[in-house]
Amino acid sequence: MAKPGTFSCSACGASFSKWSGRCDACGEWNTISEDAPLSSGPASKSLGTKRGRPITLTDLSANEAPPPRTGSGMAELDRVLGGGLVPASAILVGGDPGIGKSTLLLQAAARFARAGLKTFYVSGEEASTQIRMRAQRLGLADAPVKLAAATSLRDILTTLEAESPDLVIIDSIQTVWADNVDSVPGSVSQVRAAAHELTTFAKRKGASVIMVGHVTKDGQIAGPRVVEHMVDTVLYFEGERGHQFRILRSVKNRFGPADEIGVFEMTGGGLAEVANPSELFLSGRGDPAPGSVVFAGIEGTRPVLVEMQALVAPSPHSQARRAVVGWDGARLAMVLAVLEARCGIPFAGLDVYLNVAGGIKISEPAADLAVAAALLSAREDSSLPSETVIFGEISLSGALRPVGQTENRLKEARKLGFTSAILPSGGKSGGNGGVSLTRMSDLTAFVGEVFGAG
Ligand code: TYD
Ligand code: MG
């Protein structure tokens with residue numbers, strides 16, 4: 001049984017010594033439950049005086065070969081994994097229900113199985129017939145993937161030990177149930193125990209284990225912040241329900257770069273790779289309209305052009321609304337404050353809506369200037385030239401700060417037919433990528449130049 005005094009929040013993972021209805025750390029209600037130990041037995045007793053074995057210490061200089069990787073042949077997936085699947089690794093794939101995790105992993109399983117990995121797909125959410133039907137629809141029925149519908153951790157591990165697969169997909173970690181842990185499936189203790197056992201299995205047997213994790217309404221993998229620490233790689237599968245675009249993003253990767261993205265499109269025949277995301281994100285763009293600005297961003301190692309859309313309208317409410325989709329609300333507040341304080345352009349009494357088109361989430365500060373431009377364009381009801389891209393970070397003083405990878409951004413812009421760019425002065429000078437550049441050092445100058453005000 002759990003020691004008295006260990007409770008944790010399933011939303012943020014914070015620990016407490018006693019139960020309460022609301023988590024003090026994140027403010028969520030009804031998320032605190034009692035922990036159970038990872039395994040019953042003497043694990044939680046003190047170490048006592050018995051000596052352990054000495055551990056072996058080695059030099060840093062050992063000539064270590066890079067881990068052998070297996071590619072799936074889906075370039076978008078392999079890049080996010082850091083160049084393919086690494087043996088003895090644990091991967092967590094998080095995402096909203098219905099976003100396409102099972103579809104993606106079934107397609108990946110088929111690819112990896114065809115590439116020669118002994119692949120198991122264990123589902124606790126769907127019956128095997130359902131998965132077989134999906135595989136048939138996706139044209140994957142002939143792939144040598146072994147299917148099982150199971151939820152008992154003990155049964156799953158026993159089977160894995162006996163069969164020694166190269167790749168195991170667990171869909172989802174919330175449905176796996178450890179009988180030595182005294183709480184309901186999906187609770188923090190259960191998820192933690194299952195993830196711990198499966199990760200240990202991966203390390204011990206040299207297998208790759210991919211676990212699906214559902215996310216809570218505020219975007220965290222349910223329960224396990226803790227699980228994120230245990231696994232080698234954390235990927236999020238994101239997208240807006242109404243859009244067909246899906247983005248697989250690495251937020252942690254011990255075997256490759258984090259922040260890499262892979263872009264997919266949900267079609268009737270499953271997920272299709274999108275080799276040129278900028279083209280897709282800009283495809284719905286009409287004639288130049290007030291409030292629309294194209295931002296030249298970098299996601300992972302790749303330049304991505306996206307449209308920032310703003311709408312500014314007099315507010316009927318006593319407190320004006322600020323609504324953001326695809327960007328950070330705090331960052332929007334900052335840009336509005338700088339526009340007001342440094343350029344004398346007030347937004348008080350105005351509702352402000354900001355949307356990143358295409359359902360992609362942007363987190364780069366380099367988007368500041370594009371957001372400011374979209375807000376001003378919407379407020380002044382004047383559109384910017386449609387062949388211009390904008391990027392740059394805004395500091396609280398109103399100065400524009402140069403951002404990285406300028407040349408890559410410009411090259412991508414050129415490739416998509418843009419002829420001019422507005423960006424901060426300074427920074428590393430590189431090629432202009434065939435685009436005419438307007439460099440500015442502060443936001444006031446930008447406002448004056450582009451909108452003839454300020
Ligand atoms: P699914 O992979 O089951 O999502 P998750 O495992 O993340 O909950 O995907 C469900 C959605 O994907 C469902 O609404 C239907 C859609 N879909 C397609 O549009 N095309 C397809 O080929 C498949 C298999 C699913
Ligand atoms: Mg699913």
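How many residues of strand S7 (residues 167-171) are buried? Five of its five residues are, in this predicted model. Local features need pLDDT of at least 70 and side-chain atom pairs pLDDT 80 or more, while totals for chains, interfaces and linings use all residues. Side-chain values use heavy atoms, without hydrogens or water, and residues are numbered from 1 along each chain as its sequence is written.

**View 1. Strand S7 is covered on both faces.** Leu167, Ile169 and Asp171 are buried on one side. Val168 and Ile170 are buried on the other. Buried means under 20% relative accessible area, exposed over 50%, partly exposed in between (1.4 Å probe, protein chains only). Strands (E, at least two residues) and helices (H or I, at least four) are DSSP runs, numbered from the N terminus.

**View 2. S7 pairs with S5 and with S8.** Pairing takes at least two DSSP bridges between two strands. Strand S5 (residues 119-123) runs parallel to S7, joined by five bridges. Phe120 stands opposite Val168. Strand S8 (residues 208-214) is also parallel to S7, over four bridges. Here Val168 stands opposite Val209.

View 3. Gly95 is in strand S4 (residues 89-95). Ile99 sits in the loop between S4 and helix H2 (101-114). Gly95 counts as buried because its relative accessibility is 2%. Ile99 is buried too, at 1%. Beyond four places in sequence, Gly95 has contacts (heavy atoms within 4.5 Å) including His214 and Phe237. Ile99 touches, among others, Phe237 and Met266.

Notes: Chains are lettered from A and ligands numbered from 1 in the order in which they are written.
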